[in-house]
Amino acid sequence: VAAAKAVFGQKLNEGKTKQIFELVDEPGLVLVQSKDQITAGNAVRKDQMEGKAAIANKTTSCVFKLLQEAGINTAFKKLHSDTAFIAAHCEMIPIEWVCRRIATGSFLKRNPGVKEGFRFSPLKMEMFFKDDANNDPQWSEEQLLEAKFTLAGLSIGQCEVDVMNRSTVAIFEILEKAWATQNCTLVDMKIEFGVNVRTQEIVLADVIDNDSWRLWPAGDRSQQKDKQVYRDLKEVTPEAMQMVKRNFEWVSERVQLLLEPQASGRVVVLMGSTSDMAHCEKIRKACTSFGIPCILRVTSAHKGPDETLRIKAQYEGDGTPTVFVAVAGRSNGLGPVMSGNTAYPVINCPPITPDWGAQDVWSSLRMPSGLGCSTILSPEAAAQFAAQIFGLTNHVVWCKLRASMLNTWVSLKLADQKLQACTI
């Protein structure tokens, strides 16, 4: 059966590179249709680039998938065709949020004396008001607050500005980490937010494609692959446009690789007895949320040390990076014996009982010399620590951790805002 064809309603908006249509059968959703147009300097320079719509659509869809998999709240829903995707209908906040890791471009013009290549740590945040007639002037936070925007029923105040600021930094860091796996430096990027008309939530909206960032392979500006190549053209010739198109294709192919984890890893939970199963299931559930495979085994270092060491050898022998988690009540012999016999990380996660817990925990905390296991009492926190170890080499896991930090911060901010509204 052929999939139902999306029925376009009226055109809601048209920009330099895309059109937005309402979807008649799906209220609350829109179709974002890319165009084959490429522009620079507020469309002072403007050319048709055959195939650009498909390249841009592929790029933006991959980027949004990566961000959504990590846990970032976006308007993107699904790919619709080669040149269009479906997104939540948003009222757009008319601000371009720009995040910079390396000083280049307009920043150097606005800040004479700063040399190209100056590295911002922490990241440098800037915002620009979307106003073509005035060349998108730079705005301060105060100007944004004083503008008192209300979109889809949501007033843009200090809390909303803080959330967008924080989110921009997290989104940049996630994409920077992902691009680093391709030996590519994400130099700077611009993004836009919208208010979802149905939920009134602020979400990452618009598109993120090769017009949105500067990308320097191996950190070398002369190899830049982004739209800057087009901006820098002395004259637009067919050969020059072919080169620009090749760069855009290179990015759209590479961006698909960002969705693939770099290295696999696993957590092996060893429990002293099946009575600890509920505790171990919490560890497994949390590992799964980070996309890390988790295996549960039963073994007692006190009652069957030979079997414990055989299980250890089984997981050391296949070359998969492994973090062991030892779950043993009462006297924890499991974690220390594992730690003394493997070069892999071992985390003690003893199920502490109210009666003897204060005494039992010392068997996990006081180790003989030469042992390096950590002790984490919360099963969810033990899984998170394992994820942080894998995140050092696996950008997909790192991105989930980074988005989770952002989401925790945002939920606290919104809870505080709600509480103030009740008490004021």
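1. Let's start with A218, which sits in the loop between β16 and α5. Helices (H or I, at least four residues) and strands (E, at least two) are DSSP runs here, numbered from the N terminus. The phi of A218 is near 55°, a positive value in a residue other than glycine. Most residues other than glycine have a negative phi, and most peptide bonds are trans. A218 is partly exposed, with a relative accessible area of 48%; the terms are buried for under 20% relative accessible area, exposed for over 50%, and partly exposed in between (1.4 Å probe, protein chains only).

2. A word on the model before you go on. This is a predicted model, in which local features need pLDDT of at least 70 and side-chain atom pairs count only at pLDDT 80 or more, while totals for chains, interfaces and linings use all residues. Residues are numbered from 1 along each chain as its sequence is written, and side-chain values use heavy atoms, with hydrogens and water left out.

3. Now look at N42, in the loop between β4 (37-40) and β5 (45-48). N42 has a positive phi of about 55° although it is not a glycine, and at 28% relative accessibility N42 counts as partly exposed. You will find P122 in strand β10 (residues 119-129).

4. Here is the chain as a whole. Its secondary structure comprises 13 helices and 21 strands. The C-alpha atoms fill a box of roughly 75 × 60 × 55 Å along the principal axes. Of the 424 residues, 48% are buried. Contact means heavy atoms within 4.5 Å. Among contacts between residues at least 6 apart in sequence, 63% join residues at least 24 apart.

5. Which residues have the most contacts inside the largest nonpolar core? They are L175, I208 and W213, in a core of 62 residues. The largest share of this core, ten residues, comes from helix α4 (residues 158-180). A second, separate core of 24 residues includes A286, C287, A386 and A387. A nonpolar core is a set of buried Ala, Val, Leu, Ile, Met, Phe, Trp, Tyr and Cys residues joined through side-chain atoms within 4.5 Å. In soluble globular proteins, nonpolar side chains tend to be buried together.

6. Leaving aside neighbours within four places in sequence, W213 is in contact with residues including T59, V63, L175, W179, I208 and V255.

7. Q224 lies in the loop between β16 (213-217) and α5 (228-231). Is Q224 buried or exposed? At 11% relative accessibility, Q224 counts as buried. Not counting residues up to four places away in sequence, Q224 touches L215, W216, P217, V229, D232 and N247. Q224 and T375 are 151 residues apart in sequence and 46 Å apart in space, C-alpha to C-alpha.

8. S34 is another buried residue, with a relative accessible area of 13%. S34 belongs to strand β3 (residues 29-34). Beyond neighbours within four places in sequence, the contacts of S34 are T17, K18, A53, A56, N57 and T83.

9. Next come the rings. Rings of Phe, Tyr and Trp (its six-membered ring) pair if their centres lie within 6.5 Å; planes under 30 degrees apart count as stacked, over 60 as edge-to-face and the rest as tilted. The whole structure has twelve aromatic pairs. One of them, F8 with F21, is stacked, at 5.3 Å centre to centre and 20° between the planes. F8 lies in strand β1 (residues 8-14) and F21 in strand β2 (residues 18-23), so the pair ties together parts that are 13 residues apart in sequence. F8 is partly exposed at 37% relative accessible area, whereas F21 is buried at 14%. Elsewhere, ring pairs link F64, F76 and F85 into a cluster.
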